[in-house]
Amino acid sequence: MITTAGFGNRRRNTAQRLVARSDAKGKGAAAMDKNPPINHLATGESSGTQMKAIIAGGGIGGTTAAICLAQSGWQVEVLEQAPRIEEIGAGVQISPNGARILQGIGVMPHLKDRLFEPPAIEMRIGATGRKVFSIPMKKAARRRWGAPYFQIHRADLLDGLHRTLAETGQAKVQVNARVEGYETQGAKSVAIMADGSAHECDLLVGADGLHSTIRAAMTGPDAPRYTGNAAWRAVLPASELGPLAPPLSGCIWTGPGKHAVTTRIRGGDLVNFVGVVEVPASDAEGWSIEGDRQQALADFGGWSEMFTQIITRAPRLYRWALFDRAPLPRWSDGTTVLLGDAAHPMLPMMAQGAVQAIEDGYVLARELEREGGDIAAACRAYFSARIDRTSKVQSVSAANARLFHRRGAISQLATYGPMWLAGKIAPRALLARNDWLYGARFDQPAKTPHARSDAL
Ligand SMILES: Cc1cc2nc3c(=O)[nH]c(=O)nc-3n(C[C@H](O)[C@H](O)[C@H](O)COP(=O)(O)OP(=O)(O)OC[C@H]3O[C@@H](n4cnc5c(N)ncnc54)[C@H](O)[C@@H]3O)c2cc1C
């Protein structure tokens with residue numbers, strides 16, 4: 001059960017609302033839409049005049065932060081560079097640590113008809129289909145971590161987030177609004193726009209992704225690190241594949257120097273495919289660069305007819321290189337602060353980049369409530385609460401890439417043999433390995449103002 005001990009007592013805060021909603025909901029998907037109405041309270045109104053936050057970037061991280069701040073009483077403006085709020089055609093996995101926050105801030109009613117909860121998570125050998133392990137997930141996630149593990153189309157998730165944001169009545173979203181940098185003026189931040197205009201605010205959140213301009217202005221220009229991996233991505237109807245559709249379980253397919261992940265989205269109707277291959281030189285990077293089908297077939301077609309059919313029948317196939325960055329020494333400068341990929345881009349091998357961005361938004365709002373008006377101090381406390389956890393997820397993601405890509409029979413046997421055995425004799429031990437990640441609760445007080453994230 002989520003506790004709220006010792007964390008703010010003036011009014012109900014973010015964490016307490018989260019608990020109230022969890023309590024009101026009880027367990028189970030049917031109860032997810034029984035959230036009580038959103039309350040406006042706390043820091044954003046504490047000085048008598050409403051505080052204003054500007055969020056640069058209307059992606060998953062920025063929109064979650066916008067919801068949390070708006071629900072805390074902030075007046076919020078989201079500035080998005082794209083002409084429309086839209087996501088790429090791809091799926092995303094949301095683990096219970098992210099789902100619990102989405103439940104708490106009232107997003108789940110907008111997602112429940114479009115998400116898919118996989119019955120299990122499996123690892124298989126790509127070339128043979130042989131199972132390394134299969135751990136039950138649908139019921140186990142709710143029972144063990146108190147929230148669902150789900151897969152969803154990114155467009156459906158973003159739509160649900162923006163609907164929730166609109167319900168707060170506290171937010172304005174502006175498209176075609178590219179932020180180029182920022183300035184600090186006394187206790188205020190000023191977002192500098194591409195058209196030369198300037199927007200003053202009490203808090204400026206850089207949620208503008210891997211190539212963040214806010215980050216560049218804060219820490220100096222630096223190029224993201226190419227990780228030596230490129231990803232193929234495709235979405236297609238499961239009905240197109242007939243009996244060759246991948247299993248309903250979320251499945252990691254391992255192989256020498258590459259791996260693939262197959263999941264279901266849109267209630268299970270669509271198959272989402274990600275195939276990651278090691279490639280020596282930096283490739284063209286971006287969400288929407290169409291790839292060469294023959295090259296994808298050369299990478300994965302030899303594994304099985306299922307992969308050949310996915311690649312052949314997918315209406316579009318995208319490819320882009322994967323980048324990350326080393327952890328930063330700070331995420332804020334006065335009242336300007338980073339979150340999500342702008343702060344800690346990571347490889348996708350833990351399926352955590354978006355989930356960590358969701359956690360960021362929630363914890364930032366929590367720290368703003370706890371610090372009661374000292375915004376710069378709250379931004380520093382947020383960094384202290386988050387840096388160990390996000391750095392760990394970054395490094396485990398990189399380690400997973402090596403684990404999934406084992407070369408040679410001996411190395412594969414030494415790695416997958418013990419996993420196979422654990423899956424057979426102690427599947428719960430495999431679940432327990434994820435407790436630190438999926439079981440984290442952000443409503444509890446940090447032990448010290450700069451407590452390590454593993455104390456959460
Ligand atoms: C192959 C792959 C699979 C993945 N799978 C998963 C998964 O299963 N689960 C998971 O949790 N994560 C996954 N991720 C990671 C996840 O996609 C990212 O970590 C997540 O999208 C980061 O969200 P964000 O809001 O920080 O940044 P972004 O999603 O990049 O959003 C940034 C937003 O800011 C806007 N923007 C950019 N610059 C500016 C500017 N200057 N001014 C104004 N607006 C601007 C952009 O248009 C965009 O809307 C995966 C990543 C990859 C590559």
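Helix axes are lines fitted to C-alpha atoms, over the stretch in contact, and the angles between N-to-C directions run from 0 to 180 degrees. In this predicted model, the axes of helix α10 (residues 353-371) and helix α11 (residues 375-404) come within 8 Å and cross at roughly 150°. Angles over 145 degrees count as roughly antiparallel, so α10 is roughly antiparallel to α11.

**Helix pair α10 and α11**

- The crossing of α10 past α11 is right-handed.
- On the α10 side the contact is made by Gln356, Asp360, Val363, Leu364, Glu367, Leu368 and Glu371.
- These residues meet Ile375, Ala377, Ala378, Ala381, Tyr382, Ala385, Arg386, Thr390 and Val393 of α11.
- By class, the residues of this contact are 10 nonpolar, 2 polar and 4 charged.

**Shell around the ligand**

- There are 33 residues around the ligand, of which Gly57, Gly59, Gly209, Gly340 and Gly353 come nearest.
- Two or more residues each are given to the shell by α3 (60-71), β3 (91-94), β12 (225-237) and α10.
- Helix α10 gives the most, with 4 residues.
- The shell divides into 16 nonpolar, 12 polar and 5 charged residues.

- Strand β4 (residues 120-125) pairs with strand β5 (residues 131-136) in the antiparallel sense, over 5 bridges.
- Alanine 120 has proline 136 in β5 as its bridge partner.
- The two strands form a hairpin with 5 residues between them.
- In the turn, glycine 129 has a positive phi of about 80°.

Note on methods: Residues are numbered from 1 along each chain as its sequence is written. This is a predicted model: local features need pLDDT of at least 70, side-chain atom pairs count only at pLDDT 80 or more; totals for chains, interfaces and linings use all residues. Two strands pair if DSSP finds at least two bridges between them. Angles under 35 degrees count as roughly parallel, over 145 as roughly antiparallel, 65 to 115 as roughly perpendicular and the rest as oblique. A crossing is left-handed if the near helix is turned anticlockwise from the far one by less than a right angle, and right-handed if clockwise. Two residues are in contact if their C-beta atoms, placed from the backbone, lie within 7 Å. Ala, Val, Leu, Ile, Met, Phe, Trp, Tyr, Cys and Pro count as nonpolar, Asp, Glu, Lys and Arg as charged, and the others, Gly among them, as polar. A residue is near a molecule or strand if its C-beta atom, placed from the backbone, lies within 6 Å of it.
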